[in-house]
Every structure is written in structure tokens, then in C-alpha cells.
Amino acid sequence: MKRRALTAVVAALTVTLVGCSGKATEGKGDEQDKAGVKTGPGVSSSAISLGVLTDMTGVYASLGKSVTQAQQLWVKQTNAKGGICDRKVELTVRDHGYDPQKAIAAYTELEPKVVGFAQFIGSPFVAAVEQRIDGQDKGLVLPQAWSANLLGSPYIRVIGATYDIETINLIDHLLAEKRIAKGDRIGHVYFEGDYGENALVGSEHAAKEAGLTVVEQKIKPTDNDMTAQVAALKQAGVKAVIVSAGPRQAASLVGVAAATGFNVPVVGNNSAFAPQLLKTQAGPALLKDYYVAASTLPIGDPGDGPAKLAKEYAAQYPKDVLDNGVVAGYTAASIYGEALMKACEDKDLTREGIGRALLTIKGYGSEFGVSHDFSDPKAPSTRQSVIMKPDASVPGGLKVVRPAAAAPAAESFTMKP
């Protein structure tokens with residue numbers, strides 16, 4: 001999908017979660033409460049309303065459910081402690097099913113009613129409303145999207161390494177493990193649009209630095225059978241494959257490769273894995289030689305942060321699978337909460353005040369393996385990635401094989417202005 005404005009013609013689907021308020025608080029301009037705190041849209045004397053634009057029925061359904069429920073858990077815990085700035089926090093959730101028309105319609109519907117968005121899945125959809133956000137709306141958005149095209153906005157802030165940086169770190173891991181070497185060809189299967197094409201920028205940069213050649217295979221989010229792509233990459237003689245797509249595409253690619261005797265390592269960006277895949281026919285191949293990068297520790301890591309969150313999430317949602325969406329969602333909600341608390345201290349809960357408060361947050365999130373710095377809107381919050389490998393014996397299905405680190409090529413990489 002190209003980076004362009006999309007017309008809203010379809011109403012968004014409404015999802016009601018336990019503990020979520022279906023009624024948001026709509027402000028009517030900047031005001032001041034009895035404590036002298038300035039307020040605006042989405043903030044009343046009793047509540048702070050946050051929007052969630054997620055995917056529970058499309059290509060990222062498993063991710064969207066985990067991220068949203070983790071954020072609902074954070075809201076429940078926060079409100080149990082008295083809320084923020086003497087106000088309860090509310091979430092209003094819409095499922096866009098990774099449909100561009102529904103995503104933009106849902107944003108248009110919720111924007112006047114909420115202070116900002118604790119989640120917005122889909123780089124192309126966020127990009128489509130970026131001018132509105134930066135221009136008149138000014139509500140802080142923490143997207144579950146990592147395209148470098150989103151950098152530079154004072155109100156859309158990327159949590160973690162962008163796809164280009166993440167891909168550079170993945171290739172660096174392959175080089176460090178001597179799975180590939182100078183002169184080799186590497187394949188890259190990627191979604192058309194902001195996500196995949198930004199990841200491709202990273203693979204091309206890493207390849208140039210290391211003397212590699214990238215063999216491209218562009219696909220659409222609706223393409224689920226990777227047989228043709230595997231055949232083309234096998235014919236090209238690639239020594240490793242990067243997949244910048246969804247879990248279904250990753251599973252198909254790895255499964256088809258194994259079935260056809262194409263035994264090369266495959267590495268994927270953070271959204272190219274779901275633990276449910278380990279119970280499919282592709283499971284054995286994923287366990288053998290597949291790797292994933294992200295800017296957090298996996299939910300099954302024995303560290304204090306992931307272990308505590310895993311226990312709390314399992315208690316709240318005992319029937320649901322643990323995956324890295326839990327960590328990502330909880331981290332985003334916690335960061336939003338930190339910005340709200342700092343804005344309260346500054347007596348400015350307007351949208352602009354919350355955006356300014358986020359700029360003061362540095363060194364946040366280390367309990368999940370990576371510290372984030374939000375002082376520069378032109379930069380991602382980190383250039384580090386944790387490299388993980390599927391492991392069916394741990395909750396969430398991933399174990400760490402390389403702790404958080406930024407490759408030299410990632411550190412020196414100049415972000416797109």
C-alpha cells in the first residue's frame with residue numbers, strides 16, 4: 001500500500017473488552033480543573049480516554065488480541081492504584097481487521113473523543129493520517145508499527161528499532177554466526193508498503209556494508225502460499241532468507257523450504273512470528289533454523305520483568321496464548337502512562353502537554369531488556385534488537401539467542417529524513 005491519504009467509507013468494527021469503557025470522554029477545548037491542571041479533548045474531571053486501533057480479525061489477529069488485552073491489563077492495574085492524575089483511564093477499542101478503509105474510519109470516529117492512541121496497528125494506516133495528527137489533531141499515537149517513515153512526527157512515536165535497523169541487526173547475527181559471508185546472496189521476502197519496503201532498505205544497507213547481494217521477492221498481505229517465492233530464491237542460490245511479512249507468510253516460507261530441501265536459515269522481523277505456528281505443519285522447520293528480532297525480551301524469558309508480566313497476564317486471561325504481543329502492548333501502555341503522569345506533574349494534560357512530556361522520558365523499559373529514549377522524534381527509541389529462536393518448551397515459544405545489541409552497521413546507519 002502506498003503512503004497516501006485513504007478515504008473513510010466503512011464504519012469500524014467495535015470490540016468490547018471486559019473492563020473497557022464503551023463511552024469515551026469528548027473534550028471541548030482546553031480547560032483547567034480545580035487543581036490547576038489544563039485539560040483538553042479526551043480528558044474529563046474523572047477520566048482519561050485512550051483509543052486503540054487494532055487488528056483482531058485480519059493478518060495480525062493474534063498480535064492484535066495480545067497487544068490489546070495486555071493494555072487492558074495495564075489499565076486495570078493502573079486504575080486499581082488510583083488511576084492517573086485523580087482520573088480513571090479508559091480504553092475505547094476498534095478492530096479494523098487490517099482493512100485500510102476501516103482503519104481510517106475508526107481513527108476519524110475516535111479522534112475527537114480520546115486524548116490519543118495507545119495502539120495503532122499498521123504502518124500504512126498510521127502514515128495515511130499522519131498529516132492530520134501533526135496538523136490539527138495533535139493526539140499522541142504509540143503505534144504497533146516500526147516503519148522509519150513514521151519518524152520525525154512529534155506525536156507519532158515509534159517504540160523500538162525501526163524495520164530497517166531491525167533487519168540490519170538480523171543480518172549482523174547471521175554474519176556473526178558465520179551462516180553467511182561476503183559474496184553470498186541473501187533473499188528478502190517482504191510485504192509491499194511501508195513495513196516491507198522499509199525493511200528492504202535495511203537489508204540493502206547491510207548487504208552493501210558486508211559485500212552481500214539481495215534477491216528480492218515482494219508479496220501482498222493476502223499472499224499466504226510462499227511456494228513460488230521459495231522456488232525463485234532456491235533457483236537464485238541464496239544462503240539465507242529474511243522475511244518481512246506476517247506469521248502466516250513466515251510459516252509458509254519456512255515450511256515450503258523444508259519440504260523442498262532448501263535448508264538455509266530464515267530470519268524475520270518482530271511481527272513475523274506467532275507461537276501458534278509451532279503447532280502447525282511448519283512447526284518443526286521453525287524450531288530448526290528460524291530467528292526473530294524485537295526490541296524487547298520475549299514473554300517467556302526468565303527475567304523479572306517478563307516473568308512477572310507473564311504471571312499477571314495468565315491470571316487475567318488463563319485461556320489465551322502468551323506471545324510477544326503481550327510485552328509490546330504492555331510496554332506501550334506503560335510508556336503512555338508515564339507520559340500522562342509527567343504531564344500531570346506539569347499541570348498540562350492537553351494533547352500538546354502530553355507530547356512534550358514524552359520528550360522527557362529516557363532510559364525507560366529496561367525490565368524488558370531494552371532501554372528506550374524518547375527525547376528525539378527523528379529517531380527510534382532504540383537501535384538495539386534482541387535475537388530470538390522458537391522454542392516450544394517456553395511460554396510464548398521464543399528464547400533469546402543474542403541479548404539486546406545494535407550492530408555497527410545499525411549504529412552508523414543514517415535514518416531517512
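These legends describe close-up views of one predicted model. Local features need pLDDT of at least 70, side-chain atom pairs count only at pLDDT 80 or more, and totals for chains, interfaces and linings use all residues. Residues are numbered from 1 along each chain as its sequence is written, and side-chain values use heavy atoms, with hydrogens and water left out.

**View 1. An open sheet of 3 strands.** The order is β2-β3-β12, with mixed pairing. Strands are DSSP runs of E, at least two residues, numbered from the N terminus; two strands pair if DSSP finds at least two bridges between them. β2 (31–32) and β12 (348–349) are the edges; each has a single partner strand, so one side of each lacks a neighbour in the sheet. β2 and β3 (residues 38–39) run antiparallel, joined by 2 bridges. Glutamate 31 faces threonine 39 in β3.

**View 2. Helix α8, residues 247–259.** Helices are DSSP runs of H or I, at least four residues. Buried residues (under 20% relative accessible area, 1.4 Å probe, protein chains only) include Pro247, Leu253 and Val256. Glycine 261 follows α8, with a positive phi near 75 degrees.

**View 3. Tyrosine 60 and tyrosine 98.** The whole structure holds 9 aromatic pairs. Rings of Phe, Tyr and Trp (its six-membered ring) pair if their centres lie within 6.5 Å; planes under 30 degrees apart are stacked, over 60 edge-to-face, the rest tilted. This pair is edge-to-face, 5.3 Å centre to centre, with 75 degrees between the planes. Tyrosine 60 is buried at 5% relative accessibility; tyrosine 98 is buried at 17%.

**View 4. Phenylalanine 117 and phenylalanine 120.** Their pair is tilted: 6.4 Å centre to centre, 40 degrees between the planes.

Conventions
Expected span 1.5 Å × (residues − 1). Buried < 20%, exposed > 50% of the residue type's maximum accessible area, 1.4 Å probe, protein only.
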